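Thanks for coming, everyone. Let me put the structure up, and then we'll walk through it piece by piece.

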Amino acid sequence: MITESKARFIEFMLESDVLRFGDFTTKSGRKSPYFVNTGNYRTGRQIATLGKFYAQLVEEKVGQDFDAMFGPAYKGIPLVCAAAGALYTEYGIDKPYFFNRKEAKDHGEGGTLVGYKPKDGDRVIIIEDVITAGTAVHETMPILKNAARVEVPDMFISVDRSEVGQVPGKTAIMQVKEEFGLNVHALITVADLYEYLKDHLEHRSEYAQVLPRMEEYMDKYCILD
């Protein structure tokens with residue numbers, strides 16, 4: 001059985017049409033029976049609720065032991081804004097946040113970063129949606145390291161797909177831990193999602209078709225604890 005908090009987050013993603021089951025191709029090119037699209041959050045209630053989930057995880061894992069929060073463009077931008085706001089309203093933790101532009105601005109203040117300007121020695125945490133093959137992390141880390149001599153100890157995501165990354169036998173999360181020293185914390189894992197489907201099979205008959213495909217996908221691509 002998964003925890004009540006994880007079950008609530010899965011149900012929140014389902015009702016928000018963010019978690020879908022079907023036939024999808026991930027950023028890594030793999031065919032997946034499920035897909036998480038945080039771009040489908042579209043109301044004030046949804047983004048406020050999502051921020052609370054992220055804030056709870058940040059508070060549990062690192063508390064106030066960081067200096068700023070970074071959200072990679074594009075999907076990380078609303079996530080970091082929501083998480084920063086919820087951290088303050090729920091826990092009284094007031095931390096600056098910033099995000100990047102895809103293209104440098106050539107007028108006004110210029111540059112590629114918006115919001116907080118990181119300083120040497122800052123501990124920056126990353127707020128993202130999903131990690132699959134680790135591609136996005138390799139794009140994000142140079143942005144932060146080029147901004148200042150910062151430490152990036154932790155990353156917070158919605159779903160850990162637990163998939164093998166670019167190195168056989170290692171998940172993307174294992175790889176970024178070895179390469180960057182980055183600890184990745186997820187609201188749920190693919191194993192949590194699978195357990196949720198099994199627990200609710202009695203009430204949702206359509207899950208009977210999803211479960212075998214989930215099992216096949218996990219056997220082929222995932223490394224589970």
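Is Gly22 buried, exposed or partly exposed? Partly exposed, because its relative accessible area is 23%. On that scale, buried means under 20% relative accessible area, exposed over 50%, and partly exposed in between, with a 1.4 Å probe and protein chains only.

Before I go on, the ground rules. This is a predicted model, in which local features need pLDDT of at least 70, side-chain atom pairs count only at pLDDT 80 or more, and totals for chains, interfaces and linings use all residues. Residues are numbered from 1 along each chain as its sequence is written, and side-chain values use heavy atoms, with hydrogens and water left out.

Back to Gly22. It sits in strand 1, residues 19-25. Helices (H or I, at least four residues) and strands (E, at least two) are DSSP runs, numbered from the N terminus. What does Gly22 contact, leaving aside neighbours within four places in sequence? Ser32, Pro33, Tyr34 and Arg213. Contact here means heavy atoms within 4.5 Å.

Next, the partner of strand 1. Strand 2, residues 31-36, pairs with strand 1 in the antiparallel sense, over five bridges. Two strands pair if DSSP finds at least two bridges between them. Thr25 has Lys31 of strand 2 as its bridge partner. The hairpin has five residues between the strands, and in it Gly29 takes a positive phi near 90°.

Step back to helix 1, residues 4-15. Its axis and that of helix 6, residues 190-199, come within 10 Å and cross at roughly 85°. Axes are lines fitted to C-alpha atoms, for helices over the stretch in contact, and angles run from 0 to 180 degrees between N-to-C directions. Helix 1 and helix 6 are therefore roughly perpendicular.

Now strand 8, residues 151-160. Nine of its ten residues are buried, so strand 8 is largely enclosed by the rest of the structure. It has several partners. Strand 6, residues 123-127, pairs with strand 8 in the parallel sense over four bridges. There, Ile126 stands opposite Met155. Strand 7, residues 130-131, is also parallel to strand 8, over two bridges. Val130 has Val159 as its partner. Strand 9, residues 183-189, runs parallel to strand 8 and is joined to it by six bridges. In that pair, Phe156 stands opposite His185.

Stay with Met155 for a moment. It is buried, with a relative accessible area of 3%. Not counting residues up to four places away in sequence, it touches Ile126, Glu128, Val137, Leu182, Asn183, Val184 and His185. Phe35 is 120 residues away along the chain, and the two C-alpha atoms are separated by 20 Å.

On to the cores. A nonpolar core is a set of buried Ala, Val, Leu, Ile, Met, Phe, Trp, Tyr and Cys residues joined through side-chain atoms within 4.5 Å. The largest has 45 residues, and Phe9, Met13, Met69, Ile127 and Met214 touch the most other members. Apart from it lies another core, of 21 residues, including Ala68, Phe98, Ile131 and Leu182.

Most residues other than glycine have a negative phi, and most peptide bonds are trans. Asp17 is not a glycine, yet its phi is positive, about 60°. It lies in the loop between helix 1 and strand 1, and at 33% relative accessibility it is partly exposed. Ser162 also has a positive phi, near 60°. Ser162 is in the loop between strand 8 and helix 5, residues 172-180. It is buried, at 8%. And check the bond between Ala73 and Tyr74: it is cis, with omega about 0°. Tyr74 is in the loop between strand 3 (68-71) and helix 3 (76-91).

Terms used
Parallel < 35°, antiparallel > 145°, perpendicular 65-115°, else oblique.
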